[in-house]
Amino acid sequence: MPDPVNVTIDDIKVQVPAGTLVIDAAKAAGIDIPIFCSHPKLDPLGACRMCLVEFPSPRGSRLDTACTVRVSEGMAVVTNSQAVREAREAVLGFILINHPLDCPICDKGGECPLQDNTMEYGPGASKFVEAKRHKQKHYPISDLIMLDQERCILCWRCIRYLEEWEDKPQIGLFERGGETVIDVFPGQPVDAKTSGSIIDICPVGALTNRVARFKYRPWELRKTPSICTHCPVGCNLRLDERVHTLRRIVARENMAVNDEWICDKGRFLHQHVDHPDRLKTPLIRENGALRPATWDEAIATIVDRLESIVEGPAHPEGRGDPGGRPASTLGGIAGGRVSNETAYLFQKFIRAFTGSNNIDFSEGSAVRAQPAGLSAIANIGRSDVIVLVDFDPSEAAPVLDLHIKRAIRRNGAKLIIINPRQIELTRYTTGDKGAYIPVRPGESATALDEIATQIQRKKEEEKRKKENRPSKEHLPSSPGGSAAAFLLPSALLASAKAPLFIYGPDAARGQTGRQTVAALSNLAAQLGRGEIAYIGHEPNGQGLRDMGLTSDSLPGQLPVADPAVRDRLGKLWGIQPPAQPGLSYTEMLEGGVKALYIIEADPGASPRIAAALSQLEFLVVQDLFLTETARLAHVVLPTTSWAESDGTYTNLERRVQAAPAGIDPIDSALPGWAILTRLAERWLAAPPPDSAATPTATADWKRKKRAQATRTGPTPKPWTYTSAQSVLEEITRAIPAYANLRWEALTSQGQQWTVTGTEGRRKKEEGRSDPATVETVQATSLQPGAFRLISGPVLWDGSPLMQHAAGEVRQKIPAPYIALNPADLSSFFLASEGSLPSSFSSNAQATVTSALATVTLQLRADPTVPTGAAWIPYGLPGHPAETLGAGRGEPVSVTIAPDHPSLE
């Protein structure tokens with residue numbers, strides 16, 4: 001830290017580190033200096049001159065900008081002299097010459113720094129009588145942001161944010177003098193994935209939210225601190241509600257997580273909370289159609305049907321023996337957006353009441369995930385080499401992408417990318433700044449092994465030279481590929497002091513995932529340093545794992561076979577969970593069970609999965625909307641969104657954060673934990689399944705607790721949860737790592753659970769990844785004319801929440817498509833290699849076939865896709881990638897038949 005210096009500001013002596021900006025030194029002294037262009041997260045500029053202060057000296061005084069001058073020993077500053085006051089009046093007078101007087105309709109009215117500074121420091125009257133100059137108003141610079149050039153005061157904040165943080169200079173200054181305007185470059189709208197941040201930092205109403213504009217007055221809003229649940233970063237934000245409607249979302253500062261930025265999805269995607277299509281009442285299937293029902297009727301129907309399936313003749317072992325094989329009749333699947341409280345009670349319900357470990361989520365038991373995630377988001381900036389293995393933060397976690405860019409551009413970190421496709425961040429791997437290693441799907445382990453081999457070769461060579469041994473000594477051979485392509489990445493890692501390895505779900509699924517995680521462990525061991533971090537795509541994936549929502553792990557990510565853990569949970573629950581691993585997400589969806597309970601997930605959007613779900617004896621869906629999966633259900637339950645109910649979520653760095661309810665629940669929708677509590681109460685109170693009781697006959701079950709003499713064996717303890725906080729209290733007793741968490745301490749900045757005591761979990765994961773136990777997966781050869789299918793997340797997907805977004809957001813959902821390298825695509829049209837015929841249309845269609853399914857998609861050219869491969873993002877409308885087999889951890893090959901195979 002720089003040495004302290006002594007400064008006098010308005011006769012107040014203050015000691016601050018050398019090099020501190022005068023404006024920050026003044027804050028330390030409790031003195032406010034008005035600003036417009038200055039921002040603590042942007043580089044100093046001095047464009048607006050609002051912060052002019054006086055610097056007296058023996059040679060006279062001078063006025064200078066407090067946001068650009070840095071303090072020195074003995075410096076004196078005057079912030080409120082006559083000269084300073086006159087300068088401020090003049091600056092504000094010039095700003096207001098052409099500024100429109102539309103404060104009554106401006107979204108910034110009431111929270112506008114220009115209003116505040118004018119009232120505090122401005123002139124009482126204007127000296128100008130000329131007519132104001134007019135510029136463009138209501139001018140869209142993107143699908144989501146509106147620019148009013150008349151309101152702009154040319155502070156450059158928007159320009160600087162996009163340049164300094166996004167590294168996307170997409171806005172500039174045009175014209176001169178009084179005609180100067182902020183504008184986008186011709187034909188290039190703003191498309192940065194955190195572009196909405198320029199709305200927050202704009203000091204006037206020049207940049208406004210197209211989704212929220214004219215829908216609120218700032219002083220009428222009820223503001224609730226919350227977090228984002230669209231990706232695993234868990235950015236801090238604020239919910240602004242008016243008249244029981246969520247009007248807008250703005251960023252909230254948390255330096256440990258998101259600084260003060262949020263991505264555009266987190267900012268603009270919230271209309272689903274108030275959407276008229278929200279489920280408002282339970283639905284029961286009757287005579288082939290879903291009809292409205294009461295909560296008591298729906299709960300009774302679910303319990304009676306599930307209990308009869310679990311304890312019926314098809315399940316002779318009854319409710320399951322903790323030491324025997326798991327029940328295969330019933331399973332539970334949750335989406336990655338559910339809260340910790342709902343996830344914990346869901347797995348407890350399935351295990352305690354059905355005797356089954358059939359509980360999972362899409363990135364659950366099939367993914368070899370490091371149990372502790374990333375040690376800290378702040379550590380990204382401290383890493384000198386960052387390795388991304390089959391993970392694209394630009395699409396999966398845009399604010400994490402900002403942190404990585406910052407580490408590269410400000411701290412000189414090097415970037416190594418191992419991915420089948422050239423993701424956006426590959427632009428930072430040119431020259432000696434890093435390396436991009438293209439791999440075929442499922443073969444990332446080979447690249448990692450090659451890097452480790454190169455490092456070992458270098459070590460052996462240096463050791464040989466030091467010991468003066470002959471050069472003919474045998475050195476390890478490369479496992480495959482061109483060794484020259486790995487020289488730079490191996491050299492970067494060999495010299496790295498703090499390397500960071502980040503891998504995603506696509507690197508860790510299935511058998512090839514075991515190889516990849518093993519190769520990462522081997523490489524880190526070869527280096528003797530470095531952190532390995534798994535980051536999923538699901539928003540609360542870490543929390544779901546911690547809560548035990550996987551078929552092979554109990555709460556705390558501990559193995560189901562551990563008798564000590566089962567015994568501890570048995571004392572807490574009243575009944576022990578079963579000892580054998582259950583069915584995985586894929587196994588349950590593809591016919592492994594007779595009944596399914598699905599919470600806030602829509603696997604039925606894939607026609608192939610929908611066909612399997614339609615064969616179930618009983619399907620319960622708990623969701624916000626009547627999704628494709630819900631349309632197949634026998635009972636549908638309306639649940640609340642994250643904005644309507646209290647809950648906690650655990651982000652990618654194990655930070656547990658609270659999301660208090662910001663608006664009232666819609667109609668009769670209930671929080672997930674409350675629905676599960678009702679089900680458990682009903683199950684404990686219901687008669688055995690062979691009773692003649694009917695749902696209508698048991699409507700008074702809350703008052704009449706019937707005897708259960710026919711049941712034998714342990715019985716779960718009563719569920720007495722009255723709030724999300726009461727569920728969290730049990731979580732702190734069930735999961736040792738969560739023992740010190742308290743709701744009141746989580747609502748501001750959150751709290752990380754410590755990695756101490758995770759040795760058992762790490763041993764479990766490392767055991768999965770032990771190279772000695774991993775069988776080599778042979779690369780499958782392609783048939784002539786076939787392509788390897790690659791997939792990955794995109795920010796703007798076709799999820800149910802996106803389908804119920806505002807029109808400005810919905811139009812960002814891409815039509816289902818498949819992308820090929822232009823060289824491959826040109827071969828379909830008999831064109832010269834690497835080029836497309838002029839008659840090629842972006843609306844061209846193709847029939848795509850895999851071993852599992854056939855779909856019809858738009859055909860696109862994309863140079864980021866390698867030759868011989870085809871790219872289909874996850875989560876597009878209709879789930880084409882998943883339907884064809886992507887995301888199962890197995891290589892997928894497809895054949896493509898364009899509608900017009902030749903153009904002569």
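Ile9 stands opposite Val77 in strand 5. The model is predicted.

- Three strands make up an open sheet, and their order is 2-1-5.
- The pairing in this sheet is mixed.
- Strand 2 (12-17) and strand 5 (76-77) are the edge strands, each pairing on one side only.
- Strand 1 covers residues 4-9 and pairs with strand 5 in the parallel sense.
- Two bridges carry that parallel pairing of strand 1 and strand 5.
- Strands of a sheet pair through backbone hydrogen bonds, either parallel or antiparallel.

**Cysteines**
- Zero disulfides turn up in a search of the whole structure.
- Cys51 is in no disulfide: its nearest cysteine sulfur belongs to Cys67 and lies 3.7 Å away, whereas a disulfide needs the two sulfur atoms within 2.5 Å.
- Cys51 has a relative accessible area of 1%, so Cys51 is buried.
- Cys263 is in no disulfide either, with the sulfur of Cys228 as the nearest cysteine sulfur, 5.6 Å away.
- Cys263 also counts as buried, because its relative accessibility is 7% and the cut-off for buried is under 20%.

**Start of the chain**
- Pro2 sits in the segment before strand 1.
- With a relative accessible area of 47%, Pro2 is partly exposed.
- Leaving aside residues up to four places away in sequence, Pro2 touches Pro17 and Ala18.
- Pro2 and Gly19 are 17 residues apart in sequence, and their C-alpha atoms are 7.7 Å apart in space.

Methods. Residues numbered from 1 in each chain as written. Predicted model: local features only at pLDDT ≥ 70, side-chain atom pairs only at ≥ 80, totals over all residues. Heavy atoms only, no water. Pairing = 2+ DSSP bridges. Helix = DSSP H or I, 4+ residues; strand = E, 2+ residues; numbered from the N terminus. Buried < 20%, exposed > 50% of the residue type's maximum accessible area, 1.4 Å probe, protein only. Contact = heavy atoms within 4.5 Å.
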